[in-house]
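Please find below a note on the model under review. The points are arranged by topic and may be read in any order.

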Amino acid sequence: MSKANTNTRPEARLAKGFRDIEAPELKALNDMTGKIREVYERYGFEALDTPAIEYTDALGKFLPDQDRPNEGVFSFQDEDEQWMSLRYDLTAPLARYVAQNFQTLPKPFRRYAFGNVYRNEKPGPGRFRQFMQFDADTVGAESVAADAEMCMLAADTLEALGLRGKFVIKVNSRNILEGLFEGLGLHLEEDWLRRLTVLRALDKLDRLGWDGVKALLGEGRTDESGDRTAGARLNVEQISLVQAFLSQKIEDENFDGIAVQRPYGLGAMTDSEIYQKGLGELIDIKRRCRAAGFSNDQVRIDLTVIRGLEYYTGPVFEAELTFEVKGDDGKPVRFGSVGGGGRYDDLVARFTGEKVPATGFSIGVSRLQAALSLINEKKTEALGPVVVLVMDKGEIATYQKMTQALRNAGIRAEMYLGSSGMKAQMKYADKRNSPCVIIQGSDERAKSEVTIKDLIEGAKAAAAIKDNKEWKAARPAQFSVSESHLVQEVHNLIKRHQG
RNA sequence: GCCGCCUUAGCUCAGUUGGUUAGAGCGCUAGAUUGUGGAUCUAGAGGUCCCCGGUUCAACUCUGGGAGGCGGUACCA
């Protein structure tokens, strides 16, 4: 290839917001999803896989008043000019599936799903444009019992992942917030934009604190970079009402009974029918969780939980990690929520016109894994395959036979497939993290033996040896056995290293 | 989207107040060691100094624009 062609060659690069996952992380991922799956199965959810691509209208993501899809979703047109999109969550495809198979499904329908979802947004630290979710949903159950179960499922799942005492499932209800809006005099029809702004502001409470949120509720806020965010233009009385409202203590420390402490002046707001409905839901969920043996630390009422803005209609949940980890720069890393969900009673109705109650919980697998990997800082690297060295190209059949014998005994093994000499083969095995290499040159062959070199022991021995010649003469951590004992000896060696 | 910072070897980064052959560490390849990975030493390969235009005798350096990356913020089912 001449130099002139250089600029026509593509650059080998990852698409922005996407990433490669290599063996050690893949293993951790598989372990983790296995544990989640086990809990979901135990709760009685049924596995369901749906495609990564759906028709855009089925996902409900066309821009308002336009025949173009929402910018946040990856979309393209097929040859019929129909818009298709990569799924951005697992709930919208579920709604489509339920609507399509409504007649034949058992109701309530309870399924779990696991897979990659895609969002066409600016990636950030720990935020990618492809990431994994693990969802469980109950469709067709109106009872708040179904919501309570979601909280239990979430708690049990995080317990199963070894996070006992390190997480909390926070619960709130949209109906509570609806009560707040009624109290503020913001009505659904004429004030929906301000209501949205209020929700957005409250959603930032954990990051900005009350000072920042108050600014956003009022006139707006200018951040450090000089970017201006418009506020909800509430007046001072309204803002302090919001703060007082959200600071209500709904539960006492022991939660033997529900103790509602109302700050002064909230009477009118908390008397509303919709607020009482929400309060009833929260108390019901708490009672059920307590009865099922979940503690106050595991499932807690928190009126500041907002969740998504679009489709939730009742209780909402958020799983949050409560421990702090310092990043490479020594600054604490925020994980935020690693999962969430809630009741969405209108999603299937988009297709059928029939209102179908549903509630679900979703784990952000990728984010949770990032958090877990910071706790278990030392990730033990998995052993690679045993490598059978090719000492003599004329004897490849013999080497292949040895390799196959190891494989048949359930041992990961491979014959060196490159074309380099012994030294390079050793380096290769080292890089593969092989437990040992198998050597049979003419010396061993003459005696019908093989040499097994233990790379892990060898590495330890090498640490003590300064002089290379001496070390090589000693040939540490290797031994010869008769050909017939090869499999057994390798088996023993691997067993030793796996503890 | 908005604001700020950044872009020099595979990686992490020096450097040139604008001057001729652009450096280091790590990594890689090879040799010292003709059948032995990880220590040590030596050598070698590897660069359109992000791209396009402008100023200049001269641009990797100054300037204008663009792209990409990072961070904050906004949006986020």
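1. Basis of the model. This is a predicted model, in which local features need pLDDT of at least 70, side-chain atom pairs count only at pLDDT 80 or more, and totals for chains, interfaces and linings use all residues. Residues are numbered from 1 along each chain as its sequence is written, chains are lettered from A and ligands numbered from 1 in the order in which they are written, and side-chain values use heavy atoms, with hydrogens and water left out.

2. Salt bridges. The whole structure holds 21 salt bridges (a side-chain nitrogen of Lys or Arg within 4 Å of a carboxyl oxygen of Asp or Glu). One of them joins K170 and E320, with N to O at 3.2 Å. Because K170 belongs to strand β7 and E320 to strand β11 (residues 315–321), this pair ties together parts that are 150 residues apart in sequence. Helices (H or I, at least four residues) and strands (E, at least two) are DSSP runs, numbered from the N terminus. K170 is buried, at 15% relative accessibility; buried means under 20% relative accessible area, exposed over 50%, and partly exposed in between (1.4 Å probe, protein chains only).

3. A second pair. R432 and E414 form a salt bridge whose closest N and O atoms are 3.2 Å apart. The pair links distant parts of the chain, 18 residues apart: R432 is in the loop between α14 and β18 (436–439), and E414 is in strand β17 (residues 413–415). R432 is partly exposed, with a relative accessible area of 31%, whereas E414 is buried at 18%.

4. Further salt bridges. In the pair of R300 and D297, the closest N and O atoms are 4.0 Å apart. R300 is partly exposed at 35%, and D297 is exposed at 53%.

5. K431 is located in helix α14 and is exposed, with a relative accessible area of 76%.

6. Backbone geometry. Most residues other than glycine have a negative phi, and most peptide bonds are trans. K107 and P108 are joined by a cis peptide bond with omega of about 5°, and P108 lies in the loop between α3 (91–100) and β5 (109–118). E81, which is not a glycine, has a positive phi of about 65°; E81 is in the loop between β3 (75–77) and β4 (83–86) and is exposed at 59%. R233 likewise has a positive phi, near 55°. R233 lies in the loop between β9 (228–230) and α8 (236–246) and is exposed at 53%.

7. Two further residues. S173, in strand β7 (residues 167–173), is buried with a relative accessible area of 0%. The side chain of S173 reaches the backbone nitrogen of N175 at 3.1 Å. I456 lies in helix α16 (residues 455–464) and is partly exposed at 24%. The C-alpha atoms of I456 and A146 are separated by 52 Å, the two residues being 310 residues apart along the chain.

Note on methods
Polar contact = N/O pair within 3.5 Å; in protein donor to acceptor, adjacent residues only side chain to side chain.
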